[in-house]
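Student: I am new to this structure and would like to understand the words used for it. Could we look at it together?

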Protein chains: 2
Amino acid sequence: YIVTKMGEDWIFLVLLGLTMALVSWSMDYASAKSLQAYKWMHGELKGNVPLQYLAWVTYPMILVMFASLFCHLVSPQAIGSGIPELKTILRGVVLKEYLTFKAFIAKVIGLTAGLGSGMPVGKEGPFVHIASILTSHVPVSCSLCSPSFHLPSALPFIHACLCPPVPPSSTPPSISDLLVCACAVGVATCFAAPVGGVLFSIEVTSTYFAVRNYWRGYFAATFSAFIFRVLSVWNKDAVTITALFKTNFRMDFPFDLQELPAFAVIGISCGFLGAFFVYLNRQVVLFMRRPTALTRFLTKHRLIYPGAVTLIIATFTFPPGFGQFMAGELMPRECINSLFDNFTWTKISAPSAPPSLGRSSAWLHPHVSVFVILLLFFIMKFWMSAVSTTMPIPSGAFMPVFILGAAFGRLVGEIMATLFPNGILFDGIVYPILPGGYAVIGAAAMTGAVTHTVSTAVICFELTGQISHILPMMVAVILANMVAQGLQPSLYDSIIQVKK
Amino acid sequence: YIVTKMGEDWIFLVLLGLTMALVSWSMDYASAKSLQAYKWMHGELKGNVPLQYLAWVTYPMILVMFASLFCHLVSPQAIGSGIPELKTILRGVVLKEYLTFKAFIAKVIGLTAGLGSGMPVGKEGPFVHIASILTSHVPVSCSLCSPSFHLPSALPFIHACLCPPVPPSSTPPSISDLLVCACAVGVATCFAAPVGGVLFSIEVTSTYFAVRNYWRGYFAATFSAFIFRVLSVWNKDAVTITALFKTNFRMDFPFDLQELPAFAVIGISCGFLGAFFVYLNRQVVLFMRRPTALTRFLTKHRLIYPGAVTLIIATFTFPPGFGQFMAGELMPRECINSLFDNFTWTKISAPSAPPSLGRSSAWLHPHVSVFVILLLFFIMKFWMSAVSTTMPIPSGAFMPVFILGAAFGRLVGEIMATLFPNGILFDGIVYPILPGGYAVIGAAAMTGAVTHTVSTAVICFELTGQISHILPMMVAVILANMVAQGLQPSLYDSIIQVKK
């Protein structure tokens, strides 16, 4: 059964998975190198604060403005996330030039520059867009080698090429089937999360889901996530196939039942905060749309808006300046890794920090409490993320929101660790509280609230490689969803409404 | 959005989850006590082999025959798994008396007796049945307290009670929506696997899946799995909420890329073996249907067939007899725990077995190699499982197949550990091979092949509480599915075909 079903399009799915994995890995590689150069420059200039500030601010400005200019010139369709547009297409609306090769180039180059700038922009939404473009182009490139060459009629051709047994009446669903798979592959290659990717694509894109897509999605997503991780093994980034942000919590007793109220509080608060994030993001977009003198000026000089936003954000995060109070030196991925670590920061004083702390030492300040730093980080990154996702560059909101949630969860976790400094007594054994676990739960709950999905919990497990917190995380994500869905549409629906 | 959607039936879902968790936990408790008594009796009679044999054989025979008699007298609909019947109902066929309270009683009592007998019967399928019965009765019981009491018209009433805003034309989908949730809850309470339960119910029951069910399913499944695990914490079985069959593999390097071919071999072999299992099971059922003198006799004396099957199986597993060559003393749950352990059995000789080995010492025999024992176990349990799931008692096939897969995976793992006794060299560090990881992958691949689902991988993660093997497991499960789907229908479809 499956063989006949898969036979026709498995080559296509393998090609899609392979290409996406290569694209994802190359982009990660390029943006990581760019961030490395950025940090190196900042480190080399130590001692000369004005020059250091200039470098800290100019580098991301150049990259963001380049991304913005490139997208504007090559394909303005590449701007933004990609999931709202895919959702619109799946509802039957034809979006002009959305799935062109030009958009692909603009998205890849622009996103790499955006990620390399260290701004709070994500990779998930654009990846879904890239995968859906590939979905409509891979068969075309295949056909270049074959005698029957039908370039101009791309979409009908895919159907003809891939789904001969389907009767002609069902032509449109077949294309959307492939686009749903593309969404799954996009998420899967972004986070090395095949199961989470498939579930996320189900939740985000469809109201009725054909179970046959499930199979296609799993196949392509697993393959691409697999290749993506194998590439990093070959590059000696990792010794074997592991999770992207691996945590190392104790497994014998990850949490106690008495900590559940705290997890529930995280879930409910994240619901409110997530809804507020969607609201704030929409207000920024709506403000930019209003015909005032300022916005007219910004529309005329397109590079000024992204440049100014980057300037303000970089100024705030400048490590020797205000950045020291909000761990400004940490790049997004370092933030996640340090927020998920195994330490209890309130128990470490900054001067005597153990060297094993690594990057997490950025969260400790000799004079300021960890709580203040976490709170400042959360508040500052909150508006930064809401604003920076409105810049005219390819940018997703998933990762920034994930970081926000992790910071919020960590804050609650550190408060709990202070309230119960000796941990929670159970059955004669005292188990200390694990603030990193709270951070993981907060990250899942916040992204769940903003995107209105439950599968963020699954993505979280696959990202961290640990499933020990499954039940409290599911509870928190469901609570966050209940609150957020009552208050605001999902971020994607909000963008669709605004763009109408 | 979700609040209005959930508002009407969240009380119902909470009630369903709560009841199922209580039923699941009580059944586990009762059957565990029964198995304890069984093993105690066997242990006390040590030295007197004939008496020991009598006890070993009589105890399960009494329980199985009691279950068979009870089901026959109270409700013959309670016999068998439950998933095929649910699938039939969801396709629109009305099955008479399938969702009655009598069937519920028969299923619960019969299943507890069956599980308590130590026979290779599972709990998953019957649990889906129990949950779907509850789905059609919980609202009725609610209405007993309310003034508007409509007992005889159960199903229309559910609809009227739960889904007022749905237009009348969509009445049937609403009931199936709830039954899909019931399936998710059944699987979730059985394995404490909320995500896996929802996915399994999607794959098994529907061809087109309404995403709004996703929400209901997650909510109910998480709640029930949560209560189920909380109950075991209260009962001091576990110190906190953990996985059911928790594994403790090393996380820093769970496996090497060079082990992948072995994982692929497991996947493909499990595909063939799973298809053969379905074939064997169907042949046994068809044989029992054929009108021969033997089957006429067995139909007349209904208790003889289950009694004889139990007698034969118990004779083979009798620990001082043939059972010593197939770890016959281990009850199903002990099998899983020991197959998933962290040891490499080929490196341990039976006399000098460390005491930390625990139950796993049953796999070591002073004179017989571990390979022979694993192979014998696999072969014997294979036909035992295929036959015992045809007995006229409530019995699922998921758990027996899971054990088969685990044994097969373990066998491959132990062979690998012998071929590479020093582990696999990578980058200067030598990592020994982890046969327990192979067992987990085998279990997921085999159940995936028999049920034609991919979500068994997710159930596996939730059962073991470790997600480190995600990518090889997904690869193995997909390979197993590809092979099995090409050869045989799924076990559930096979039963539907046979019962037609």
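Tutor: Gladly! Let us start with a definition: axes are lines fitted to C-alpha atoms, and angles between them run from 0 to 180 degrees between N-to-C directions. Keep in mind that this is a predicted model. In it, helix α9 (residues 194-205) of chain A packs with helix α10 (residues 211-234) of chain A at an angle of about 140 degrees, and their axes are 8 Å apart.

Student: Why is α9(A) called oblique to α10(A)?

Tutor: Roughly antiparallel needs an angle over 145 degrees, and roughly perpendicular means 65 to 115. The angle here is about 140 degrees, which makes α9(A) oblique to α10(A). The crossing of α9(A) past α10(A) is right-handed.

Student: Which residues of α9(A) and α10(A) meet?

Tutor: From α9(A) come P194(A), V195(A), V198(A) and I202(A), and they meet Y214(A), G217(A), Y218(A), A221(A), T222(A) and A225(A) in α10(A). Sorted by class, this contact has eight nonpolar, two polar and no charged residues.

Student: What makes V23(A) buried?

Tutor: Buried means under 20% relative accessible area. V23(A) has 13%, so V23(A) is buried. You will find V23(A) in helix α2 (residues 10-44) of chain A. Not counting residues up to four places away in sequence, V23(A) touches F104(A), V108(A), F127(A) and I130(A).

Student: How far apart are V23(A) and F228(A) in sequence and in space?

Tutor: They are 205 residues apart in sequence, while their C-alpha atoms are 9.0 Å apart in space. For chain A as a whole, take contacts between residues at least 6 apart in sequence: 78% of them join residues at least 24 apart. Of the 500 residues of chain A, 62% count as buried.

Student: How do you know that helix α14 (residues 332-339) of chain B is largely enclosed by the rest of the structure?

Tutor: Count its residues: six of the eight are buried, so α14(B) is largely enclosed. The buried ones are P332(B), E334(B), C335(B), I336(B), S338(B) and L339(B). Their cover includes α2 (10-44), α15 (370-388), α16 (398-419) and α17 (435-451) of chain B.

Student: Which residues touch the most other members of the largest nonpolar core?

Tutor: Y218(A), Y218(B) and F340(B) do, in a core of 316 residues. Leaving aside neighbours within four places in sequence, Y218(B) is in contact with L199(A), V454(A), V458(A), M474(A), I478(A), V195(B) and V198(B). Another core, of eight residues, lies apart from the largest one, and its members include L35(A), Y38(A), W56(A) and M61(A).

Technical notes
Residues numbered from 1 in each chain as written. Chains lettered and ligands numbered in written order. Predicted model: local features only at pLDDT ≥ 70, side-chain atom pairs only at ≥ 80, totals over all residues. Heavy atoms only, no water. Helix = DSSP H or I, 4+ residues; strand = E, 2+ residues; numbered from the N terminus. Parallel < 35°, antiparallel > 145°, perpendicular 65-115°, else oblique. Left-handed = near helix turned anticlockwise from the far one by under 90°. Contact = heavy atoms within 4.5 Å. Nonpolar A, V, L, I, M, F, W, Y, C, P; charged D, E, K, R; others polar. Buried < 20%, exposed > 50% of the residue type's maximum accessible area, 1.4 Å probe, protein only. Core = buried A, V, L, I, M, F, W, Y, C linked by side-chain atoms within 4.5 Å.
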